[in-house]
Amino acid sequence: MGPDASPGRAAKDPGPGPAPAAGSDLFPPHAVIRLLTCAEPQSLLHTAMRIGVAGVDAVSGVICLVQDDGWLRPTAAVNYSDKILDRFRLIPPDSPLPAARAVRERRAVYQAAEELSEAFPDIRALRAPEINFAAIPLLVDDRCLGSIVLRIDRPWPPGSEWSLALSAVAAVCAHRLEHLLSVGVDSVPGGGLDMAVELLENRARTARLELAMSGAETGAFDWDFASGRLVWDERLCRLFGMRPEDFDEKDATYYNAIHPDDRAAVNRAVRESRRTGGDYRATYRIVRPDGRVRRLDARGRVFRDMTGRPARMVGIAQDVTEEWERKEREDHRKNLVLEVTGALSDAISVSDVVTAMTRTMLPALGADAVVLYVEEDGHLWPAGVQGHPEEATRRMSAAAAFPGSPVRRALEEGRPLFYENRAAYLADFPEEVFSPGEHHHSWVVLPLIAAHRVVGGCVISHTAPHRFSPDDRTLVAALAGILTQAMERARLFDQRRWQMTELQRVMLPRHLPVLPDLAVSARYLPASRGMEVGGDWYDLLPLPSGRVGVVIGDVQGHSATAAAVMGQLRTALRAYTAEGHDPATLMEHSNRLLCELDTDLFATCCYAEIDPVDGTVEMVRAGHPVPLRLDAEGRAAEKNVPGGVPLGLDPGSEYPVHRAELPPGEALLLFTDGLVENRGGDYAENVARLADRVSRWNAARGSRYNGVIADARRELELLADEIVAPPGDRTPREDDVAVLLVRRCPDSRNPTARSARWHAAGGNLAEVHEVRRALGRQVRAWGLRERAADTELLAAELLSNAALHADGDIDLTARLEDGTLRVEVFDTNHYRPRVVPVDEETGEAAEPGVSGRGMHLVQEWADRWGWEPRGDRKAVWFEVTEKYPAPRRP
């Protein structure tokens, strides 16, 4: 047999020489010597085959060796066609063929071809009466390595020396083969000796190998690279879903059975092993003929031929599907636990915990809804709900209060409860109060217990019946512990956050006053993250003059210190406005106050003083975001307001006053930077985006000023909600947010409020006189002709006192509202106006030479009068009404 024979298949020999004449020496001594001197198994088998065929003048012959699975495989052949060898490339151990019978019966078998024709009717040669077969077992003690089969086309001479001679050849061949295998001599590459046969050293080793490979679902292969012939044992054929007789031993069939997504990887592993000559290892999926997918782990070793080229790979393949799936489940469970742990570790509040569960736990468990209960003072209340309608949420909230509810039972038993269908659930909870939602059909109820203390409970629902596998139950138990810790942490956070937020709200106005001709709305939202309170605040300050001060500010940082500083600033601002300071002085005083406080914090602030009657606005800004101005149509744009540095940085800072007019229907939007600042975003772009969002919202609603103040107030409340929390926006807030909206809206159904203002330089009597006359004209224009002369007279007295006793400028304001006219005169004299008693008979001052007679006149003729400090100035005022005319002089 030549070296080009294919492994695992019977190698064809060119044939024996002429058969010896009858009666000659069948097997001369040199034939036995040739067998005993063969150095490797493959040449031994070919030599034995040629000697056997030549010795008995056989037509053809084949040697079959036993594989480790008991099947026989032709290994060396003479004068057999490829068709026949392909037909019998694997012979079952229970086959009626002489080769198998000789192995089973451990004796020589002589059989006529006609006896096989019934088992193999498609082979016509078996019907020839002159064809016979002789099969001799290859025995070594009580072990059989295979058999030699010869075809003889003449009657077999029973009991002749032919039988003895063949048995002798078989015995020598078997012992020499056993010896070569026991000393570890490799087969010549390409020889075709089965890998499992090469491992047979003794019966015990064979039995152990058989048991190990069977128990581990492992099969063996022998791959000849030159021919592409791939020999599988019976077990490997079964792993691929084939019968041994159906496998055609082609490597193309092997590659076709590999999953398409894994073929490239297997091919790379084979090429690399052939290139390096190292060990082969690949794990891949196969697709069986029935469509089932299995995963195999294959290992092998490459053998080289005498020229050093890779010629053959011998190895094993094991079905690791279950192991792989188990590992995938374990990896999935581990990754899921890590994912849930990571998500819950980022969850600060109970709301965050519900969000994390919805994003991670529900998909992992194939669930559709969750209710998270928190325990407080022995009561369970739903702190978070996802996937349930509002009505079901109310029902579950009520049911949790009853003893024996699913959550309370899980807490009492200290273990998760699993209900795979409605029948199982209703068997435990038949009461109507515990009736489940109609859309849910399976449940997991988790007790949340930390250190023997109840934290709460969790109910996870599925919209279809669900079988909870052992992996599911293990996973749920692990997640319950993680969820308990997250809930405990979140509950403590929420409690602390509630306390800090309440502290912040206490320091803000509880209610904003309702003012005529102004619609006002305010909002405050704490940051979404962190427990520390912020320093944002706002306030609305009605002034004695009828004007209104609006203020918004932000103290640096998030801490109790920031909140305390905010409280001090807010109180100081209220005091300064009560003293009557103008906006610039008010801001300067606040700045000096913060500089003198024992703190390193600074603050931004914006203050606007609005006259609701005439719409005049005076505004100062200390490093605060510029307000937005909303016109009567709802269009928003940034208002250009110059400003100074933040409060608390430089005690000598000055703050310019910006004066403007706010027409009817227009509004100011004041806000803190938390509304428009975000990490990594551009501030200017965010402000522009806010203005655009407000404009579009107003346009979409058709929101515009219609002259009705009640409507304006409602629209402003809706707009405030939209600004701080637009629908669908779940972006976490990194900073506190304060918003103050003020819209000037004189009520068209009651247009009675009017105001006017005049100014006179200090010491300029001509300007003072003109102010008095202008007041008289304005009062007449407002329809108060009967009181015009009285008003001029009283104003003249106040103006004269201001011009006489004060050095600075003089301002006069007049405001008519609800039939009452209020006139105020501002000067720089801080002394209280003095009223001198007057003799009733003479009308002269009771104290000659002392001023104050004019104030006596004011006291007598005005319906009300008074004075009050206004920062570095003082205001003296009087009121006259149409309803109660002042008494006339006698």
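This is a short tour of the structure above, stop by stop.

**Before you click.** You're looking at a predicted model, where local features need pLDDT of at least 70 and side-chain atom pairs count only at pLDDT 80 or more, while totals for chains, interfaces and linings use all residues. Residues are numbered from 1 along each chain as its sequence is written, and side-chain values use heavy atoms, with hydrogens and water left out.

**The whole protein.** Start with everything shown as a cartoon. There are 23 helices and 31 strands here; these are DSSP runs numbered from the N terminus, with helices being H or I of at least four residues and strands being E of at least two. Of the 890 residues, 51% are buried (buried means under 20% relative accessible area, exposed over 50%, partly exposed in between, with a 1.4 Å probe and protein chains only). Now think about contacts, meaning heavy atoms within 4.5 Å. Among contacts with a separation of 6 or more, 63% join residues 24 or more positions apart.

**The largest nonpolar core.** Select Trp537, Val555 and Leu740. Of the 48 residues in the largest nonpolar core, these three touch the most other members. (A nonpolar core is a set of buried Ala, Val, Leu, Ile, Met, Phe, Trp, Tyr and Cys residues joined through side-chain atoms within 4.5 Å.) Next, colour helix α17, residues 560–578, which gives the most to this core: eight residues. In general, nonpolar side chains tend to be buried together in soluble globular proteins.

Zoom in on Val555. What does Val555 touch, not counting residues up to four places away in sequence? Its partners are Gly535, Trp537, Ala562, Val565, Met566, Leu569, Leu601, Phe602 and Ala603. Apart from this core lies another one, of 35 residues, including Met361, Leu446, Cys458 and Met487.

**Ala480.** Jump to helix α16 (residues 470–506), where you'll find Ala480. Buried or exposed, this Ala480? Ala480 is buried, because its relative accessible area is 7%. Leaving aside neighbours within four places in sequence, Ala480 is in contact with Leu446 and Leu448.

**Helices α19 and α20.** Select residues 683–701 (α19) and 709–724 (α20), whose axes come within 11 Å and cross at roughly 135°. (Axes are lines fitted to C-alpha atoms, for helices over the stretch in contact, and angles run from 0 to 180 degrees between N-to-C directions.) That makes α19 oblique to α20; angles under 35 degrees count as roughly parallel, over 145 as roughly antiparallel, 65 to 115 as roughly perpendicular and the rest as oblique. Show the side chains in the contact: Leu690, Arg693, Val694, Trp697, Asn698 and Arg701 of α19, with Glu715, Leu718, Leu719, Glu722 and Ile723 of α20.

**Helices α21 and α22.** Move on to α21, residues 765–781, which packs with α22 at an angle of about 155°, their axes 9 Å apart. The two are therefore roughly antiparallel to each other. Among the residues that meet are Leu765, Val768 and Val771 in α21 and Ala788, Thr791 and Ala795 in α22.

**Last stop: Asp790.** Stay on α22 (residues 785–805) and pick Asp790. Asp790 counts as buried, at 12% relative accessibility. Finish by finding Val880: Asp790 and Val880 are 90 residues apart in sequence, and 8.7 Å apart in space, C-alpha to C-alpha.
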